[in-house]
Every structure is written in structure tokens, then in C-alpha cells.
Amino acid sequence: MSTILIITILFLISTIFSFINARFIKLPGVIGVMVLAIAAALITVAAGSFLPGFSRLIFELTHSIDFSKTLLDVMLGFLLFASALHFDVNKLRENLKGVLMISTVGVVLSTLIFAGLLFELLLLFKIDVPFIYCLVFGALISPTDAVAVAALMTKSRMPDRLKTIISGESLFNDGIGIVLFVSFSEVATIPEKNFSLPEVARLFAQEVFGGLFLGALLGLIVYRMMRSINDFQTKVMLTITLVLGIAAIAGLTHISAPLAVVAAGLIIGSHSFKRNETIAGGEDLERVWSLADELLNTILFVLIGLQLVSIAVRTDYLLIGIAAIVILLAARMLSIILPIVFLRRTLSLKYSSVAILTWGGLRGGISVALALSLPDSSYKSLILTAGFVIVVFSIVVQGLTLNSFINILLVESKTDQ
């Protein structure tokens with residue numbers, strides 16, 4: 001397929017799914033289109049002989065799109081910038097300790113706990129998977145997904161403080177997650193390479209601090225340029241060029257593009273377009289990025305659903321995926337509780353908040369993209385299948401039940417008082 005044909009078909013499918021959901025199903029936008037995309041993928045796999053034209057179209061579309069590169073190299077930067085642009089920086093400052101603790105120590109703990117429990121589970125299934133691949137799986141599935149969180153937090157009834165923590169965590173935990181994923185992947189694919197803590201620390205410093213510095217520097221430059229002009233079109237072009245430029249520079253210097261984009265978005269957004277008269281047309285710029293965010297989210301969740309046709313479905317892998325959901329929730333809960341136990345005064349988090357933070361930690365397309373980016377091996381199919389099961393459960397089940405779950409907990413907490 002040509003590029004223009006791929007884009008046209010993708011927009012056509014996304015538009016049709018969005019219309020069907022808005023007109024008939026009426027689920028929250030991104031969940032509805034993803035459910036329809038999964039249904040389309042299942043029809044493609046199960047009834048290909050009955051609908052050969054439709055099946056051929058879906059197969060060709062999914063195999064013509066490199067999901068990992070499309071998300072990680074193209075879409076992710078724009079989605080993260082839009083999320084950071086609208087983030088309340090004042091609330092982030094108030095809850096910075098909790099955000100940083102959960103997005104760093106929490107991710108490491110979750111990765112290790114998940115890997116250990118998964119390894120024991122696989123032994124019960126009599127499936128021989130080296131522990132290093134369990135660590136790889138833990139590294140790609142433990143960080144919460146900023147795109148999924150942002151898409152579902154807008155209508156969430158989660159208390160503001162917890163919403164700030166979980167949204168802030170999802171913006172910043174990509175750095176440590178990707179460093180762990182890259183480190184463990186290298187050890188897994190290069191047997192003679194040993195895990196080196198100093199090397200991981202160096203890589204972490206380069207990715208994280210380099211990304212934050214680059215984003216802050218370019219964000220400040222672009223902000224000052226925006227203040228000096230009144231032309232709205234140029235301001236939009238400046239922000240788009242900023243995101244593309246960060247992605248290009250980050251790729252050349254091996255620093256974290258997601259963190260750089262987030263830093264730039266926070267700096268520009270922190271000056272509050274609605275109140276800062278030095279940025280004329282700021283509210284219109286917000287609307288442009290909000291619209292872009294919604295459109296890209298719709299397309300992304302359609303792509304996630306359609307990825308099902310690329311997965312070799314095996315019953316035992318599906319069962320492991322279902323069990324891995326429970327393991328991940330347990331790892332997530334423990335990774336939040338342990339920092340609270342040791343740093344309760346510093347974090348100022350109540351134990352009653354743990355359940356909400358656990359259930360609200362959503363996984364999304366980044367986990368699928370990282371799993372797809374793994375080199376071919378006898379373990380990739382297991383990781384991809386189980387990871388996809390976790391992501392679908394996270395977005396559809398956790399996403400749909402999040403508000404009800406929060407309401408139940410809030411009623412119980414009031415009753416206890």
C-alpha cells in the first residue's frame with residue numbers, strides 16, 4: 001500500500017468506528033473505537049473466508065504499518081506534548097515527591113515483583129522462559145501509559161490530588177521504563193553481555209537528564225518566540241516544529257524524546273494561556289492541540305485494536321495473559337505501598353489511596369509497541385500475546401469501571417468516618 005492510501009484507509013476506519021460508537025454504542029470515545037477495532041480484527045481472523053475482501057483489507061493495512069515506529073517515532077511526541085500542555089504545573093509542584101517516587105522507584109519495584117511472580121507462574125505452566133525475558137516483560141508493562149491515562153482521566157471522578165499523581169507519573173515514568181527495557185533487552189539478545197549497574201545508571205542519566213534539559217531549553221526558546229509575535233499560524237507551526245525537532249535531536253543524541261517533549265510542553269503550558277496576556281491567541285492554540293490530541297488518540301486506539309491480527313493466538317498464552325493481569329495489579333499495588341511505608345511523611349499518601357492508584361494505572365499502546373519492537377525469538381510471541389491481553393483489559397475493563405470503583409471506595413471511606 002502507498003502511504004497516502006494507508007492514511008486514507010486508516011482515517012476512514014477511524015471515522016466509521018467513531019461514528020458507530022457515537023451513534024449507537026456510546027462508550028467513552030477511545031474505548032468505543034478500540035472495542036470496534038478489536039471486533040474487526042476478530043472478524044478478520046475468525047471469518048476471513050466469509051469476508052475475504054474485508055479480511056484482506058485489514059491484513060494489508062496492519063502489515064503495512066510499522067506500529068512500533070509509527071507510535072514511538074511519530075505519534076507519541078505529539079500526544080505527550082498535548083497532555084503536558086494542559087497539565088496543571090502548580091498541582092504538579094505540590095505533589096512532585098509522590099510523582100517522582102512512584103515514577104522511578106515504583107517502576108523498578110513493579111518490574112522486579114512482576115518478573116519474579118511471572119517466572120514462578122510460567123514454571124507452573126511448565127513453560128521454560130529465562131528470567132531475563134520476564135524482566136524484559138516487566139520493564140515494558142510496568143510503566144503506566146501517559147496516552148491511555150490522559151484519554152481516560154478527563155472524565156474521571158478521581159480526587160484531584162490522585163489524578164495529578166497518576167497523570168504526572170504517566171508523563172515521567174517512560175524514562176526509567178525505557179532504560180530498563182533497553183538494558184534487559186540487550187542482555188536477553190546478547191548472551192555474552194552482562195547486566196551492568198553503572199552502565200544502566202549512565203544510560204539513565206543520559207536519557208532522563210539529557211531529555212529534560214533538551215526539552216526545557218527548546219521549550220523556553222519557543223515560548224519566548226511565541227511571546228514576541230501575534231501571528232497565530234506561526235505559533236502553531238512553532239509548536240509543531242518543536243515536537244518534530246525534539247524527536248529528531250533525541251534520536252541523534254540517544255536521549256529520551258518523551259521526557260524532552262513533556263518538559264517542553266510543561267514549560268509552555270505553565271504560563272497558562274487563559275490568564276497570560278503575553279501569549280495572544282493562547283486559548284485558540286490550546287483548542288488546536290486538544291483537537292489534535294483527540295484525533296490522534298482515536299487513530300491510535302484503532303491501531304491498538306487492529307494489532308490483534310498480528311498476534312499468534314495460543315490458548316496457553318491467553319491464560320498466561322489473564323493470570324499476568326492479576327500479577328501486574330499485585331506488583332503495582334506493592335510498588336506503591338512500599339514507598340509509602342518507608343516515606344509516609346514525605347509522600348503524604350493514605351493507604352486508602354493505594355487501591356485507586358492501582359486500578360487507575362492504565363497500560364496502552366507503548367507497551368504493545370515495545371513488545372513488537374523486540375527481536376524475533378521463541379519468547380516474543382508469549383510476551384506480545386500476554387502484553388496485549390493486559391493492555392486490552394487495562395483500557396476496556398479498568399477504564400470503563402474506574403469511576404464506579406472510585407465511587408465505591410469514596411462511599412466506604414465516608415462510611416468508615
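Two rings of Phe, Tyr or Trp count as a pair here if their centres lie within 6.5 Å, with the six-membered ring standing in for Trp. Keep that in mind as you click around this predicted model.

**Stop one: the aromatic cluster.** Select Phe78, Phe81 and Trp289, which ring pairs link into a cluster. By that rule, the count comes to eight aromatic pairs. Now zoom in on Phe78 and Trp289: their ring centres are 6.1 Å apart and the planes sit at 20°, so this pair is stacked. Colour by helix and you'll find Phe78 in helix α4 (residues 67–85) and Trp289 in helix α14 (residues 282–306), so the pair ties together parts that are 211 residues apart in sequence. Buried or exposed, these two, Phe78 and Trp289? Both are buried.

**Stop two: Thr111.** Jump to helix α6, which covers residues 96–124 and holds Thr111. Thr111 has a relative accessibility of 1%, and it counts as buried because the cut-off is under 20%. Show its side chain and look for the backbone oxygen of Gly138, which the Thr111 side chain reaches at 3.5 Å. What else is Thr111 in contact with, once you leave aside its neighbours within four places in sequence? Besides Gly138, select Leu135, Ala139, Ser142, Leu180 and Phe184 to see the rest of that set.

**Stop three: a charge over a ring.** Finish with Arg314 and Tyr317. Turn the view until you look along the face of the Tyr317 ring: Arg314 lies over that face, at 4.1 Å from the ring centre.

Definitions and conventions
Residues numbered from 1 in each chain as written. Predicted model: local features only at pLDDT ≥ 70, side-chain atom pairs only at ≥ 80, totals over all residues. Heavy atoms only, no water. Helix = DSSP H or I, 4+ residues; strand = E, 2+ residues; numbered from the N terminus. Buried < 20%, exposed > 50% of the residue type's maximum accessible area, 1.4 Å probe, protein only. Polar contact = N/O pair within 3.5 Å; in protein donor to acceptor, adjacent residues only side chain to side chain. Contact = heavy atoms within 4.5 Å. Phe/Tyr/Trp six-rings, centres within 6.5 Å; stacked < 30°, edge-to-face > 60°. Lys NZ or Arg CZ within 6 Å of the ring centre and 35° of its normal.
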